[in-house]
Amino acid sequence: PDLAEQATRSPALETLQRVFGYDAFRGDQAEIVEHVISGGDALVLMPTGGGKSLCYQIPALVRPGVGVVISPLIALMQDQVDALRNVGVRAGFLNSTQDFAQRQEVEDAFVAGELDLLYLAPERLSVESTVRLLDRGKIALFAIDEAHCVSQWGHDFRPDYLMLSSLHERWPDVPRIALTATATEATHKEISQRLGLDNAKHFVASFDRPNIQYRIVPKNSPQKQLLELLRTEHQGDAGIVYCLSRASVEKTADFLVQNGIPALPYHAGLDKSTRAKNQSRFLREEGLVVVATIAFGMGIDKPDVRFVAHLDLPKSVEGYYQETGRAGRDGQPSTAWLAYGLQDVMQLRKMIDKSEGDEMHRRLQARHLNAMLALCETVECRRTQILAYFGQSGQPCGNCDTCQTPPERWDGTIPAQKLLSTVVRLRNERRQSFGAGQIIDILLGKTTPKVTQFQHDTLKVFGIGTELREPEWRAVVRQLLARNLLAVEGDYGSLVLTEGSAAVLNGSQEVQLRREPERPARAPRTSRR
Ligand code: ADP
Ligand code: ZN
């Protein structure tokens with residue numbers, strides 16, 4: 001570039017091009033970077049992959065002193081620092097994984113002003129020696145990454161984050177930039193309040209991911225359904241498959257390999273080197289599928305992930321959005337596919353009941369799950385519903401499964417009453433409770449050994465539900481559970497009534513249900529080949 005051009009380039013743009021080798025800022029980046037460079041506080045809400053890191057990395061390089069980055073992702077710090085060092089940025093980190101000598105080296109570099117960026121685990125700040133250390137160097141800014149961790153209402157609360165409000169009291173002149181990819185209206189406010197970001201400028205990017213096709217299908221035999229999806233639409237594509245348990249990760253990966261799909265497992269039970277190897281193969285090689293628990297993906301930056309499949313229900317819309325958001329970062333059409341069934345609802349409800357923590361915490365988890373279930377059972381556009389969850393509006397996308405094949409609504413009040421009555425009768429007349437399978441057998445009038453054994457064929461409700469088939473009854477149970485009109489209890493998934501059941505039983509509340517479309521959604525609208 002000639003001298004004149006160089007003179008007109010801002011230091012921020014010059015740094016972007018010289019250090020990171022990018023041509024231009026994206027979206028709000030330029031504005032955010034200038035704001036922080038000039039000493040302002042900022043709250044940045046940007047989806048995963050939006051480019052949050054540069055929003056603090058560039059100001060840290062342009063402003064005098066060291067940019068201190070608070071991040072809970074300890075496992076990623078080494079990678080982040082290595083990546084920065086590769087482009088010549090002087091970066092270091094301090095967390096619990098280091099020994100004394102390693103820590104000392106970073107501390108010395110910080111004090112000597114030989115660092116541009118210092119990554120800190122939040123709990124480091126509760127150690128007085130860290131605070132004293134920070135006092136001995138010059139701080140360019142504080143970046144609070146994953147800022148939603150400060151929210152007690154969020155899905156990822158970390159108590160250590162509450163202390164971050166003291167940063168401003170201790171270093172009032174240092175600008176702070178808080179960043180997150182997950183923020184509903186409520187969390188957004190809470191971050192601002194808890195971190196004392198009263199004067200911060202808010203930068204809210206759109207959460208819309210138009211190139212992702214959202215599809216949520218009834219779960220029958222998940223592995224086969226997955227294989228079908230991969231064979232018909234994603235042959236040779238890179239993708240991520242999420243499962244809830246380590247065991248199902250292993251089983252699913254084996255299943256895919258046996259069926260000729262190159263798949264690698266990834267979960268916290270694998271030793272560190274295997275995990276590292278599988279992750280780096282996924283990043284470097286083409287067309288690999290990683291089958292993983294949610295431990296995988298934090299900070300994964302692979303642009304051409306063509307699909308993200310969930311074989312188990314995520315616990316929150318935030319989690320679902322973040323996980324599916326790893327697809328299609330290159331802007332090309334990609335699929336977010338989730339198989340969801342009755343068992344998921346029962347399992348997650350049970351997990352919440354059994355979870356440690358107080359009543360408030362359980363209620364919160366239940367609220368997150370309810371929002372996720374509402375997304376699964378919606379008859380509206382999935383994408384607008386996700387956006388609405390994040391407080392943003394949008395038009396029906398025309399691309400998701402419900403837009404392409406609008407599910408019918410039907411009046412399920414009478415079936416719901418029949419089902420709930422069966423639960424009531426078992427309880428009142430027999431002091432018994434049973435799982436969905438037995439209740440459905442009773443409704444269908446099936447004389448199975450278990451029905452005969454418990455003489456359930458003598459119940460008045462025996463055989464009153466032959467107007468629906470078994471899968472339809474399962475859908476009724478699932479949807480009642482999803483709406484809290486029915487609940488599960490105990491280790492065997494016994495069905496019990498909820499406070500809401502009464503209104504359905506006495507006819508004061510109608511139950512509109514979703515009929516599963518017979519035809520599945522078509523492949524993404526724009527074909528790549
Ligand atoms: P986030 O933290 O928001 O998930 P990252 O900061 O990890 O996102 O950025 C995602 C990817 O986008 C990275 O590979 C990053 O290098 C790239 N990126 C960010 N900003 C730009 C830009 N202005 N030009 C080109 N690539 C960018
Ligand atoms: Zn849609």
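Mentor: Start with Arg431. Arg431 is exposed, as 7 other C-beta atoms lie within 10 Å. Exposed means 12 or fewer such neighbours, buried means 20 or more, and partly exposed is in between, with C-beta atoms placed from the backbone.

Trainee: Is this model predicted or experimental, and how are things numbered?

Mentor: The model is predicted; local features need pLDDT of at least 70, side-chain atom pairs count only at pLDDT 80 or more, and totals for chains, interfaces and linings use all residues. Residues are numbered from 1 along each chain as its sequence is written, while chains are lettered from A and ligands numbered from 1 in the order in which they are written.

Trainee: Where does Arg431 sit?

Mentor: In the loop between α18 (413–430) and α19 (436–444). Helices (H or I, at least four residues) and strands (E, at least two) are DSSP runs, numbered from the N terminus. Arg431 also has a positive phi of about 55°, though it is not a glycine. Most residues other than glycine have a negative phi.

Trainee: What about phi of Asn484?

Mentor: It is positive too, near 65°. Asn484 is in the loop between α21 and β15 (486–489). Asn484 counts as partly exposed, because it has 15 C-beta neighbours inside 10 Å.

Trainee: Switching topic. Which residues touch the most others in the largest nonpolar core?

Mentor: Val241, Val290, Val291, Leu419, Ile439 and Val477, out of 82 residues. Such a core is a set of buried Ala, Val, Leu, Ile, Met, Phe, Trp, Tyr and Cys residues joined through C-beta atoms within 7 Å. Helix α21 (residues 470–482) gives this core its largest share, 7 residues. Another core, of 58 residues, lies apart from it and includes Val69 and Phe110.

Trainee: And what is Val291 in contact with?

Mentor: Beyond its neighbours within four places in sequence, its contacts include Val241, Cys243 and Pro265. Contact means C-beta atoms, placed from the backbone, within 7 Å.

Trainee: Which residues come nearest to ligand 1?

Mentor: Tyr22, Arg26, Gly51, Lys52 and Ser53, of 13 around it. To count as near, a residue needs its C-beta atom, placed from the backbone, within 6 Å of the ligand.

Trainee: Last one. How many helices and strands does the chain have?

Mentor: The chain has 22 helices and 17 strands. Of its 529 residues, 42% count as buried. The C-alpha atoms fill a box of roughly 90 × 50 × 45 Å, taken along the principal axes.

Methods. Two residues are in contact if their C-beta atoms, placed from the backbone, lie within 7 Å.
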